[in-house]
Amino acid sequence: MAIVVLLGPPGAGKGTLAESLCAAFGFAHISTGDILREEIRQGTELGRRVSACMESGALVPDDVVTAIVAGRLGQDTVRQAGSLLDGFPRTVRQAELFDRMLASGGMALDRVLLLEADRDLLVRRLTARRVCSQCRTVFNVIFQPPGRDGVCDRCGAELRQRPDDMEATALERLAVYEEQTAPLVAFYARRGVVVRVDAGRAREVVHRDACVALGLGVLSAERDGKGS
Ligand code: AMP
């Protein structure tokens, strides 16, 4: 069972890559951002606790996200499939708690895939991102526009901008990344588990390079296979 962490700044394309890798290789996709947004959408107590924090671009407390990930990693189906963590860990404290969680479950981290991209590109990608309000498909009004303005190509529902993708908040999230998450690159590099991909290119190219960097063999997402 492989455990892979996707690391990189907001806008690098972690979610998009996670989806294509999971479709091609059958990993369980664990996105703490998606899980938290779903809690907010459903109006749960947890959602109410974290919504202001998320909308401001700040990180939610380490213990909250760590508990979410521990719950997912403990599920049998997830253990069998292998996991792709997207957006966790995001602080050194979370990485330390993650280490303990893995050790106590008899698991180990295989690889950290670092997505690198130029800051200007990240800002342009974040502020131009639109997400389907129903099926969550991600578009970008500059780089990957929908066929009809504001309408999802896949299901026809309305596209929306994430509140934290507004320019001021996007800039805040990039600053939070530099300050709190970027130190994880050195943290994991010391263990020799980091592989890097240039995330500034088209999603198909990033997918292919990520497969190679992770030693997975290139398998396109369209095949929807379960490993090579
Ligand atoms: P993302 O979808 O990964 O960009 O995450 C969106 C927001 O969710 C972040 O800006 C944080 O407020 C929150 N979040 C997601 N993952 C974490 C994490 N591992 N630690 C703290 N906050 C998180």
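**Sheets, helices and ligand**

Colleague: Where is Arg-136?

Modeller: Arg-136 sits in the loop between strand 5 and strand 6. Strands (E, at least two residues) and helices (H or I, at least four) are DSSP runs, numbered from the N terminus. This is a predicted model, in which local features need pLDDT of at least 70 and side-chain atom pairs count only at pLDDT 80 or more, while totals for chains, interfaces and linings use all residues. Residues are numbered from 1 along each chain as its sequence is written, and side-chain values use heavy atoms, with hydrogens and water left out.

Colleague: What is the phi of Arg-136?

Modeller: Positive, about 70°, although Arg-136 is not a glycine. Most residues other than glycine have a negative phi.

Colleague: How many residues lie between the two strands of that hairpin?

Modeller: Five residues separate strand 5 from strand 6 in the hairpin, and Arg-136 is in the turn. Strand 5 (residues 129-132) and strand 6 (residues 138-140) run antiparallel and are joined by three bridges. Arg-129 has Asn-140 of strand 6 as its bridge partner, and Val-131 stands opposite Val-138.

Colleague: Which strands make up that sheet, and in what order?

Modeller: The order is 6-5-7, an open sheet of three strands with antiparallel pairing. Strand 6 and strand 7 are at the edges with a single partner strand each, so one side of each has no neighbour in the sheet. Two strands count as paired if DSSP finds at least two bridges between them. Strand 5 and strand 7 (residues 159-160) have two bridges, with Leu-159 in strand 7 as the bridge partner of Cys-132.

Colleague: Which helix packs on the sheet with strand 5 and strand 6?

Modeller: Helix 7 (residues 119-128), which touches both of those strands and whose direction makes about 35° with that of strand 5. Contact means heavy atoms within 4.5 Å. Axes are lines fitted to C-alpha atoms, for helices over the stretch in contact, and angles between N-to-C directions run from 0 to 180 degrees.

Colleague: At what angle do helix 2 and helix 4 cross?

Modeller: The axes of helix 2 (residues 32-41) and helix 4 (residues 62-73) cross at roughly 105° and come within 11 Å. The two helices are therefore roughly perpendicular to each other, a label for 65 to 115 degrees; under 35 is roughly parallel, over 145 roughly antiparallel and the rest oblique.

Colleague: Which residues meet there?

Modeller: Thr-32, Ile-35 and Leu-36 of helix 2 meet Val-65, Ile-68, Val-69 and Arg-72 of helix 4.

Colleague: On to the ligand. How many residues surround the ligand?

Modeller: 16, the closest being Thr-32, Arg-37, Ala-58, Gly-87 and Gln-94. A side-chain N or O atom of Arg-37 is 2.9 Å from a ligand oxygen atom. Arg-90 also has a polar side-chain atom 2.9 Å from an oxygen atom of the ligand, and for Arg-173 the distance is 3.2 Å. A polar contact is a pair of N or O atoms within 3.5 Å; within protein, one must be able to donate a hydrogen and the other to accept it, and residues adjacent in sequence count only if both atoms are side-chain atoms.

Colleague: Last one. Is the peptide bond from Phe-88 to Pro-89 cis or trans?

Modeller: Cis, with omega near -5°. Pro-89 is in the loop between strand 3 (83-86) and helix 6 (92-104).

Note on methods: A residue is near a molecule or strand if one of its heavy atoms lies within 4 Å of it.
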